[in-house]
Amino acid sequence: MPAATPTLTADEINTLTKIVRRVPVADHITRYALQFTRLTRKEKGEVPDFVNDYVSWGAGPRASQYLVLGAKARAVLHGRYYYVSADDIRAVAAPVLRHRIMTNFNAEAEGVKPDEIIRRLMLKVGLEPVLVARTFKPLTYDYGLTQFIEFNPLIYRAMKLASALLPKKLRQW
């Protein structure tokens, strides 16, 4: 069996963690993540009927934090160091929420899994944040940089460092 070889050092992982945590998130994207988790909790008022029917315990407040953090990591892996999109939230929703949603007997009897509840929530929440206008228009240069990054040296340096550190496989996630 071949020996495992390290891809990143501990210092590189710490640097990437700092880069991910510095990615800005618009207020409407944060509200979008909050809406996902709130809609899983029956005691929080208006929830979809399928949540009342199939969920005994919904995702807690930390789920929203990890939706945003996971979305930031996905944005960095996609070369976006300057914004998180609603698509990023939707992409990480299942891995973040599936173990935080406890189904009840009705769900078990009907074969409804947490992933199905998350899929239905995605349809319910929709694409509302995407309709909010962007604050700048991207201009692509040789590295796929935008005008925004070009005039922000801190983000530019972080992007160059992350591009150098991330293996190509991870950037394609």
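This is a predicted model: local features need pLDDT of at least 70, side-chain atom pairs count only at pLDDT 80 or more; totals for chains, interfaces and linings use all residues.
Local features need pLDDT of at least 70 and side-chain atom pairs count only at pLDDT 80 or more, while totals for chains, interfaces and linings use all residues. Residues are numbered from 1 along each chain as its sequence is written, and side-chain values use heavy atoms, with hydrogens and water left out.

Helices here are DSSP runs of H or I with at least four residues, strands are E runs of at least two, and both are numbered from the N terminus. Helix H2 (residues 27–38) packs on H4 at an angle of about 135°, the axes lying 9 Å apart; axes are lines fitted to C-alpha atoms over the stretch in contact, and angles run from 0 to 180 degrees between N-to-C directions. On the H2 side, the contact (heavy atoms within 4.5 Å) uses Ala-33, Leu-34, Phe-36 and Thr-37, and H4 brings Ala-63, Ser-64, Leu-67 and Val-68.

Tyr-66 also sits in H4, which spans residues 61–77. Setting aside neighbours within four places in sequence, Tyr-66 touches Val-96 and Arg-100.

Turning to charged pairs, the structure has six salt bridges, each a side-chain nitrogen of Lys or Arg within 4 Å of a carboxyl oxygen of Asp or Glu. Asp-115 pairs with Arg-98, with the closest N and O atoms 2.9 Å apart. Asp-115 belongs to helix H7 (residues 114–125) and Arg-98 to the loop between helix H5 (86–97) and strand E2 (102–103), so this pair ties together parts 17 residues apart in sequence.
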